[in-house]
Amino acid sequence: MIVERTIRTKLLQLLKSFPVVTLTGCRQCGKSTLLKNLLPDYAYISLEDLDLRQMAKEDPRHFISIYSKNVIIDEIQQVPELLSYLQSHIDSVNEAGMYVITGSHNLLLMQSISQSLAGRTALLTLAPFSTKELNASNLLPATVNEMLYYGSFPRIYDKHIEPSDFYPSYIQTYIERDVRTLRNITDYSSFTRFIKLCAGRCSQILNVTALAEDAGITRKTAESWLSVLEASYIIYMMKPYYKNFGKRIIKNSKLYFYDTGLVSSLLGITAAGQMETFYMRGALFENFIVSELLKRRLFSGKSDELYFWRDSNGVEVDVIEEDSLELKAYEIKASETMNTAFFSNIKKIRDLADIKAENTAVIYSGKSIPASKENGAYICWKEL
């Protein structure tokens, strides 16, 4: 199964301008598959391979002499010291498209890159499939409940794995491999419980103190564990929008996951049919749409900067996006029925933030309808 990834256009463009392109993203989101298919003439090296990792660590100059250009180096955070040697080699050859490097740990990778490859590499982030990619490959689930349950990880669609089999194994593998690398967390059961508590707070403004209390840990530990989840692309923290507003706003971030299939599994859902009456269905739908908006930005090479608006009076707009110096505002509703009341909060801040009506929309489960003079568009989740 070959799914054409949207990010390929930007990646090929950057390879013509930079000596290195760095592709990050969570484990099993398709980084290696994408690069092998997109760049068949490049040698592929995985530093998960113990022999190659040992060579790169013990004799980096010899490693680079063998793999001097047109090379994909996967999971380079396994040997971060290699980047310093790559820097010297890249500067001496000075050609575009010499290397593509990948990693699953943003924290470790960015620390190393900022020291060694600043100005020499372009940065891109991959995530599991978007609805656009699934739709183009005739793989998009038929219903929103199925979409929320299955999630977007490539392996589920490629190998036809049941989510109830895939996600528990994914979490176990993630904890055993990644968490130990990023933080010395020995109490895996407490960390697993912490992730589940985070899942129960998806699409909510996060109170870290309350989360820590429920998890039975200190606030400092909760902050550290949140940074682990964020650095390994499990969660995304959306910040409040504060520019151009003269009102008091909420300062805490909202918590989202990159994939709703993972959230559903953490919440104990074992079948798509359970989603219809699940008490968190609206929160899961909001999480799903936010992750789709995020992918749209990341796959085109833009930053991950999406925002929400909520003032001290409780007036909230789900997503505010800065794009080409213009603001766009979105409300997210799981409903299949249009309702002009969905635009009420957007209207309250539209004049305040100078947002054009055509730059507003309700993203929901019904049919897409173009924007009118009074209200923005209604956008179906399948056509996002």
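Me: How many cavities of 30 Å³ or more does the structure hold?

Reply: The structure holds 2 of them. This is a predicted model, where local features need pLDDT of at least 70, side-chain atom pairs count only at pLDDT 80 or more, and totals for chains, interfaces and linings use all residues. Residues are numbered from 1 along each chain as its sequence is written, and side-chain values use heavy atoms, with hydrogens and water left out.

Me: What makes a space a cavity, and what lines the largest cavity?

Reply: On a 1 Å grid over the protein atoms alone, a cavity is a set of points where a 1.4 Å probe fits but cannot get out, and lining residues have an atom within 4 Å of a point. The largest cavity is lined by R27, Q28, Y170, T173, Y174 and D178, and about 40 Å³ of space lies in it.

Me: Why is something called a pocket, and what volume does the largest pocket have?

Reply: A pocket is an open set of points with protein on both sides within 12 Å along at least five of seven lines. The largest pocket comes to about 670 Å³, a volume being the space filled by probe spheres set on the points. There are 28 lining residues, with C29, G30, K31, S32 and T33 closest to the centre. α2 (31-38) gives the most to this lining, with 6 residues.

Me: How do you know that β10 is largely enclosed?

Reply: Buried means under 20% relative accessible area (1.4 Å probe, protein chains only), exposed over 50%, partly exposed in between. In strand β10 (residues 316-323), 7 of the 8 residues are buried, so the strand is largely enclosed by the rest of the structure.

Me: What makes β9 and β10 a pair?

Reply: Two strands pair if DSSP finds at least two bridges between them. β9 (residues 306-310) and β10 have 4, in the antiparallel sense, so they qualify. R310 has E316 as its bridge partner in β10. β10 also runs antiparallel to β11 (residues 326-332), joined by 5 bridges, and there I320 has A329 as its bridge partner.

Me: Why are β2 and β5 called edge strands?

Reply: The open sheet has 5 strands in the order β2-β3-β4-β1-β5, with parallel pairing. β2 (43-46) and β5 (121-125) each have a single partner strand, so one side of each is left without a neighbour in the sheet. For β5, the pairing with β1 (residues 20-24) is parallel over 5 bridges, and T24 stands opposite T125.

Me: Is S203 buried or exposed, and how do you know?

Reply: S203 has a relative accessible area of 10%, so S203 falls on the buried side of the cut-off. S203 sits in the loop between α11 (188-199) and β6 (204-205), with a positive phi of about 70° although it is not a glycine.

Me: And N138, buried or exposed?

Reply: N138 comes out at 72%, so N138 is exposed. N138 lies in the loop between α7 (131-136) and α8 (144-150), and takes a positive phi of about 60° although it is not a glycine.

Me: What makes a group of residues a nonpolar core, and which residues have the most contacts inside the largest?

Reply: A nonpolar core is a set of buried Ala, Val, Leu, Ile, Met, Phe, Trp, Tyr and Cys residues joined through side-chain atoms within 4.5 Å. The largest has 93 residues, and L11, Y174, F191, F194, L229, F257 and W381 have the most contacts inside it. Apart from that one lies another core, of 22 residues, among them V79, I90, M98 and I113.

Key: Helix = DSSP H or I, 4+ residues; strand = E, 2+ residues; numbered from the N terminus.
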